[in-house]
Amino acid sequence: MWISALLSVLGIALQVSVVTAQDGSISGPTSSSSAAGYSCDPSQCQLPNCNCASTSPPGGLSPSDVPQFVVFTADDAIQSYTIDSVNQFLAQRQNPNGCPIKMTYFTSLNYTNYTLVTDWYVAGNEIADHTMTHVGSPPADEINGNIIALNALAGIPLDAIQGFRAPYLNYTAQTLQLLANVDFTYDSSSASSIPVTDPGTDAYWPYTLDNGLANDCLTVEGICKGLPKIPGLWEIPMYAFFDDLGIDGPHLMDPWLDTANGASSVNDSATFEYMKNTFTAHYTGNRQPIGLYTHPIHLSTTYPGVDPPNSTIQMINDYLDWLQMQQDVWIVSNEQLLAWVRNPVPVSELDSFEPLKCSTPQVDSSLKICNGIPQNEAGLLEECDFPDFPFFTCYGCPQVEVSPSNPNPPQQVPAGQQIRYRLPSNCSTPFWDPIAGSCLCQSSACAFTDNSRPIGPNGANLTGGGTGGDGFDGSGSTPTPTYINFNGASPVKLWSGSLVGMMSALAVGAFGAVTGWVLVNV
């Protein structure tokens, strides 16, 4: 009965959330050359730990020698319905080396099912920080508490959480300093809001803040003109699409929810065309990255009350199909993109570039171990039945719900059971047994299999592949099926602890804990 009551409440909340504007939208330029006042000496700022904000490829490479990276990210809670939403676009796809697509999930914790975070990470995806309770301009405890809770309850190694995105893209200079204080590698909250074809474009390759920010100079106080100087902290701009209105028609997050070309209603065909045109401008220019930045809830086909048009899902898959027909296009996570920027190699050498390979942990499928691999952990998950948002975990339920002031509460131990052990720094997640408190191997000896294939001129594929739609015609007649992701691969920092709830978090919904339960108990 409590489930039906919960669904009733969530249905109302969801309707409110869907009709309001999605966070992460922009309406025009957020920077200009004069506002940026940016200066950087490339002879003093050199890779791998320093890079000037530049529209030219890193390492002095010619654009023709540079892969075209397409970043895929998702924001907010991780639940079965959000994973389904991502998988309907990525699960069947491969990069040119035959490896499954990896993506970045900026994770907030309200309504997150921790065992699915573990599964998603062990499958090779990047888990990044989006604050605990989805609050813009966050204080330190929102940022740091997220890391602590993801490590404690999802087994994500602390040093694997390298990136941050501010909810609503609402950040300050202080936010960036807070990230540096706890050794984040990068932020990805700023917008690239001027087309690459414009001489004043702000579509910079990822750069470090040794010489301040060069994006968002018109919209965020206290940045640009050399500020904030934070040596070694990277900024990965979010690259906007542009419709026929050019600089006055930008589309950043979830562009398929926007109207195009000044129209009054969404048109999938128009969205398809401007996404292709913007990509082509990047691809035929300096090959700055481009991205699909998503809130998966909007495209979920398995969340009650959300009914995305089949034509929109088809259009996005057709767009990805079209991208993957272009040579040297790679769909990647922020982590993979930044690994290449720091150590750029030409496309002819991508065969040996480790971050783009697909290493799968070799764990005996008959072993019963709660490790983020479904066949191993079946029957071993603990259900944490909190009234606000129940979840499952391999790592033992906390006595109270996590919060910014208490991100790692003491563990509750059911009668007749023993405490579960948290991931240590010297063991990889898929090899750690939290029930026995033992590692199947030490980090230096853990076995991973490289499943990538050769690429290059000797008859090997230079394009990716997979399945999506069957050609976009706008009819919406064929919905994309829901996929269950394949599982495939990867150890500590310390921090302390305001609490804010939001409608968007409510829309992501406690029902996800129910659907998450259904998924992990199938």
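The model is a prediction in which local features need a pLDDT of at least 70 and side-chain atom pairs count only at pLDDT 80 or more, whereas totals for chains, interfaces and linings use all residues. Residues are numbered from 1 along each chain as its sequence is written, and side-chain values use heavy atoms, with hydrogens and water left out.

The pLDDT (the predictor's confidence in each residue, from 0 to 100) averages 86 over the chain, and 83% of the residues score at least 70. Where pLDDT is low, the predicted coordinates should not be read in detail.

The secondary structure comprises 12 helices and 19 strands, defined as DSSP runs numbered from the N terminus (helices H or I, at least four residues; strands E, at least two). Of the 522 residues, 60% are buried, where buried means under 20% relative accessible area, exposed over 50%, and partly exposed in between (1.4 Å probe, protein chains only). The chain exposes about 19300 Å², of which carbon and sulfur atoms supply 52%; accessible areas come from the Shrake-Rupley method with a 1.4 Å probe, and for residues only the protein chains shown count as cover.

In soluble globular proteins, nonpolar side chains tend to be buried together. The largest nonpolar core has 95 residues, and Ile-127, Ile-156, Phe-184, Phe-279 and Tyr-319 are those with the most contacts inside it; such a core is a set of buried Ala, Val, Leu, Ile, Met, Phe, Trp, Tyr and Cys residues joined through side-chain atoms within 4.5 Å. With neighbours within four places in sequence left aside, the contacts of Ile-127 include Ile-78, Tyr-105, Trp-120, Tyr-121, Leu-150 and Ile-156. A second, separate core of 22 residues includes Leu-61, Val-332, Val-341 and Val-347.

The structure holds 5 salt bridges, each being a side-chain nitrogen of Lys or Arg within 4 Å of a carboxyl oxygen of Asp or Glu. In one of them Arg-93 pairs with Asp-321, the closest N and O atoms being 2.8 Å apart. Because Arg-93 lies in the loop between α3 (80-90) and β2 and Asp-321 in helix α8 (residues 310-324), the pair ties together parts that are 228 residues apart in sequence; Arg-93 is buried, with a relative accessible area of 1%. Lys-357, which is buried at 15% relative accessibility, meets Glu-354 in a salt bridge of 3.7 Å, N to O, and Glu-354 is partly exposed at 48%. Lys-357 also forms a salt bridge with Asp-450, with closest N and O atoms 3.8 Å apart, and this pair links Lys-357, in the loop between α9 and β14 (359-361), to Asp-450, in strand β19 (residues 448-450), 93 residues apart. Asp-450 is partly exposed, with a relative accessible area of 38%, and salt bridges that share partners join Glu-354, Lys-357 and Asp-450 into one network.

Most residues other than glycine have a negative phi, and most peptide bonds are trans. The peptide bond from Leu-47 to Pro-48 is cis, with omega near 15 degrees, and Pro-48 is placed in the loop between α2 (33-36) and β1 (68-76). A cis peptide bond is likewise found from Leu-227 to Pro-228, with omega near -15 degrees, Pro-228 lying in the loop between β7 (207-209) and β8 (230-235). Tyr-111, in the loop between β2 (104-107) and α4 (114-122), has a positive phi near 75 degrees and is buried, with a relative accessible area of 12%. Leu-169, in the loop between β4 (163-164) and α6 (173-181), has a positive phi of about 55 degrees and counts as buried at 14% relative accessibility.

How values were computed. Contact = heavy atoms within 4.5 Å.
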